[in-house]
Amino acid sequence: MFKLIEKLEKEHILSKEELVALIDQHNNTEISNFLFKKAREVKEYYYGKDIFIRGLIEFTNYCKNDCYYCGICSSNKNVARYRLTKDEILSCCELGYDLGFRTFVLQGGEDPWFNDERMVDIVSSIKIKYPDCALTLSLGERSYESYKLLKDAGADRYLLRHETANPEHYSCLHPQKMSSEHRKECLLDLKSLGYQFGTGFMVGSPYQTIENLAEDLIFIYDIQPQMVGIGPFIPHHETRFANFSGGTVELTIFLISILRLILPTSLLPSTTALGSIDEFGREKAILAGANVVMPNLSPTQVREKYMIYDNKVGTEDDALTSLENIKRKIESTGNKVVVSRGDAKTTN
């Protein structure tokens, strides 16, 4: 298995059978530690001890979709819905800029109210006011024309998790009107338009197999995104998966290390979900090769309303407290937060 890890480091991909065999060893401490060490070495070769911060602004929890795992799905009538105004979004950016953020991430449900006209206005306003900052959007599936308008308005990056590369597994997690094929087409549109784009998946989602995970890794290698966000599946009590088991920290950070070897210069977040199921989850991810964290800049009064899974950490902290807590956690790993756009590097 050690030779398999060395092969992955050198060639950046393995066969599906080899990936399945490797993932199956995620609870083997000796193998895990060897993999984590390799991943840290690769991360530090390209990025040193730098960890990039992104200011997350969750600006709407309205969503037209009814994804079976999501707490803000359209069928959940118990959600207190909200939309931030343009001025409120700009205020979040102002706060973040003063705290040292140089990337803002606008994330929301697929909310038709935020049509192209409104989003172009918001994007262009942010870029005019903060030209030295990168702007990342995470708005779900949109048309090629919509993505182009947003790119032309100044958006730099776009995050769209593919959730699972296997169409049958995808159909277990989403209603029939949603398709894995369309989601993949959206990712290809983003790539063709020149976005720095990101994808990702949930770890331990219902009905997921190790084979599914291997397929996810191969898909990610094939499309070569600059960013990959993965986190453990965490059930929400008002969804059909309320009684399913969640994903684990151990498997998630093992996969983060594999992703670091597959995409050496990628931007890999240490996600909030990891910190939500393990007090030291985010630190473990950083020591496994992650190099991005995303503290929340959303107004504190709306944070509990963007509850896509249960027991989400950090909903009560203001932006400064959240940033200070994360800085302390990062420094405990021997790394440091840097004030930077944090663009992905290219391989030598």
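**Figure 1. The largest nonpolar core and its most connected members.** Of the 103 residues in the largest nonpolar core, Leu106, Ile126, Leu255 and Ile258 touch the most other members. Helix H10 (residues 249-262) supplies the largest share of this core, 10 residues. A nonpolar core is a set of buried Ala, Val, Leu, Ile, Met, Phe, Trp, Tyr and Cys residues joined through side-chain atoms within 4.5 Å. Buried means under 20% relative accessible area, exposed over 50%, and partly exposed in between, with a 1.4 Å probe and protein chains only. Helices (H or I, at least four residues) and strands (E, at least two) are DSSP runs, numbered from the N terminus. The structure is a predicted model, in which local features need pLDDT of at least 70 and side-chain atom pairs count only at pLDDT 80 or more, while totals for chains, interfaces and linings use all residues. Residues are numbered from 1 along each chain as its sequence is written, and side-chain values use heavy atoms, with hydrogens and water left out.

**Figure 2. Surroundings of Ile258.** Residues up to four places away in sequence are not counted here; beyond them, Ile258 touches Leu8, Leu19, Leu22, Ile23, Leu35 and Leu217. Contact means heavy atoms within 4.5 Å. In soluble globular proteins, nonpolar side chains tend to be buried together.

**Figure 3. Packing of helix H2 on H10.** Helix H2 (residues 16-23) packs with H10 at an angle of about 140 degrees, and their axes are 11 Å apart. Axes are lines fitted to C-alpha atoms, for helices over the stretch in contact, and angles run from 0 to 180 degrees between N-to-C directions. H2 and H10 are therefore oblique to each other; angles under 35 degrees count as roughly parallel, over 145 as roughly antiparallel, 65 to 115 as roughly perpendicular and the rest as oblique. Leu19, Leu22 and Ile23 of H2 meet Leu251, Phe254, Leu255 and Ile258 of H10 in this contact. By class, the contact of H2 with H10 has 7 nonpolar, no polar and no charged residues. Ala, Val, Leu, Ile, Met, Phe, Trp, Tyr, Cys and Pro count as nonpolar, Asp, Glu, Lys and Arg as charged, and the others, Gly among them, as polar.

**Figure 4. Packing of helix H1 on H10.** The axes of helix H1 (residues 2-11) and H10 cross at roughly 45 degrees and come within 7 Å. H1 and H10 are therefore oblique to each other. Ile5, Leu8 and Glu9 of H1 form the contact with Ile258, Leu261 and Ile262 of H10. The residues of the contact of H1 with H10 comprise 5 nonpolar, no polar and 1 charged.

Figure 5. Asp216 lies in helix H9 (residues 210-223) and is buried, with a relative accessible area of 0%. Apart from residues up to four places away in sequence, Asp216 touches His162, Thr164, Ala165, Phe201 and Gln208. Asp216 and Ala165 are 51 residues apart in sequence, yet 5.2 Å apart in space, C-alpha to C-alpha. Glu211 is also placed in helix H9, but is partly exposed, with a relative accessible area of 36%. Leaving aside neighbours within four places in sequence, Glu211 is in contact with Lys16 and Val20.

**Figure 6. Loop residues with positive phi.** Tyr207, although not a glycine, has a positive phi of about 70 degrees and lies in the loop between strand S6 (196-203) and H9. Asn311 has a phi near 60 degrees, a positive value in a residue other than glycine. The loop holding Asn311 runs between helix H13 (300-303) and helix H14 (319-331), and Asn311 counts as exposed at 65% relative accessibility.
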